[in-house]
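Please keep the structure open while reading.

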Amino acid sequence: GIQFSGAVYCFALRALLWHCMPATTERAKASLETLSSIWRFGAGSLLIGFTATLLTQTDKLAVSTFSTLNVFSAYVLASMISVQIGTVVASPISVALLPRFAKLVAGHDARALADEYFKWAQLLLILVLPILGVGFFFSKPLLTLWLGPHSDLLPLTQEFVPLLTLGTLFNVMAIPPYILQLSAGWTSLMVRFNLIAWILMATVLAVGVPRYGALIAAGCWLTLNIGYYLVMTPIVHAKLLSSERWTRWLTVTLGPSALTAAIFCASATFLSVGAAPLAMTAQAMLTALCAWAALVFLTPAGRDEISRLKSWA
């Protein structure tokens, strides 16, 4: 089913692209010269996708192998909630950023590239942070409302969600550096990083999950993405944004994160243990709305977007 829908999507995209291209009397044919100039990038992109699949699926394999079916079900459910939410929100923006960054890289406009890069790094967080804040601070009432208060999966899933959600936050932070690498045609760093990370992760999972349980797998997801933030990103900046200070990246990313955490912490202190899950879920939604408004009005990227929208009105 997935393969068939993927094939249909590819053919439909091909037809749409062909329709949008300008008319010509020349017959279309493959160019070996063009292929020879991009095969390294294509191979690197393929390896990035392959290693990313290893990194995102090896933890599930370890949990399914060394844990009970209940634990595995809870882990997969927590992963779907925590990881996929960030992916669904951030992926469309990532697709749009690639041609924009590629144009700026090709134009050798370092200042415009840096400004665009940091702006979108912060805009991504403005969109994702309130959602992840709900998952981190209010996962219990949401899961209770969804699974029911007597579900055996409830306590198990609740155990995994915070670590997986925090890992997803750092994963979203790693999206702009990753897109910047692709825009510059630089794939080798991500391939090497992913391969080394997978070897380390597989070793830790093989040793840790049988001894200490599936929580080790959630910790591996968090550690992997912290590695993207603390190891890979500085290397990318040193090569592609060498004139920018590391403190600017910290301010752009950690500032909004700290603001969101403070808002959700303040809201979570008023949680009533005996309150109905529906009431706590409503509180979570209201807190997310407050966090989103604060991020929009208190961050430079948010204020710039407000000014841009006002100029259109």
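Glu305 and Arg308 both sit in helix 12 (residues 300-312), three residues apart, about one turn of the helix. In this predicted model, their side chains meet in a salt bridge with an N to O distance of 2.4 Å. An α-helix has 3.6 residues a turn, so residues three or four places apart point the same way. Glu305 is buried, because its relative accessible area is 16%, whereas Arg308, at 33%, counts as partly exposed.

The structure holds eight salt bridges in total, and Arg111, Asp115, Glu244 and Arg248 are linked in a network of them.

| Residue | Relative accessibility | Class |
|---|---|---|
| Arg248 | 26% | partly exposed |
| Asp115 | 34% | partly exposed |
| Glu244 | 15% | buried |

Helix 4 (residues 110-137) also contains Phe136, which counts as partly exposed at 33% relative accessibility. The C-alpha atoms of Phe136 and Ile179 are separated by 26 Å, the two residues being 43 apart along the chain. In helix 5 (residues 139-147), Ser139, Pro141, Leu143 and Thr144 are buried, and this helix is followed by Gly148, whose phi is positive, near 100°.

On the surface, Leu127, Leu286, Leu289 and Trp292 form a nonpolar patch, with about 400 Å² of accessible area together. Helix 11 (residues 277-298) gives the most to this patch, with three residues.

What, finally, lines the largest pocket? This pocket holds about 940 Å³ of space, and of its 33 lining residues, the closest to its centre are Ala52, Thr56, Thr87, Ser91 and Asn171. Elements that give two or more residues to the lining include helix 2 (32-66), helix 6 (153-173) and helix 9 (215-240), while helix 3 gives the most, with twelve. By residue type, the lining divides into 20 nonpolar, eleven polar and two charged residues.

Technical notes:
Residues numbered from 1 in each chain as written. Predicted model: local features only at pLDDT ≥ 70, side-chain atom pairs only at ≥ 80, totals over all residues. Heavy atoms only, no water. Patch = residues over 30% accessible without salt bridge, like charges linked within 9 Å, V, L, I, M, F, W, Y side chains within 5 Å. Areas by Shrake-Rupley, 256 points an atom, 1.4 Å probe, with all protein chains shown as cover. Salt bridge = Lys/Arg side-chain N within 4 Å of Asp/Glu carboxyl O. Helix = DSSP H or I, 4+ residues; strand = E, 2+ residues; numbered from the N terminus. Buried < 20%, exposed > 50% of the residue type's maximum accessible area, 1.4 Å probe, protein only. 1 Å grid on protein atoms, 1.4 Å probe; cavity = no way out; pocket = protein on both sides within 12 Å on 5 of 7 lines; lining within 4 Å. Points joined across faces, edges and corners; volume = space filled by probe spheres on them. Nonpolar A, V, L, I, M, F, W, Y, C, P; charged D, E, K, R; others polar.
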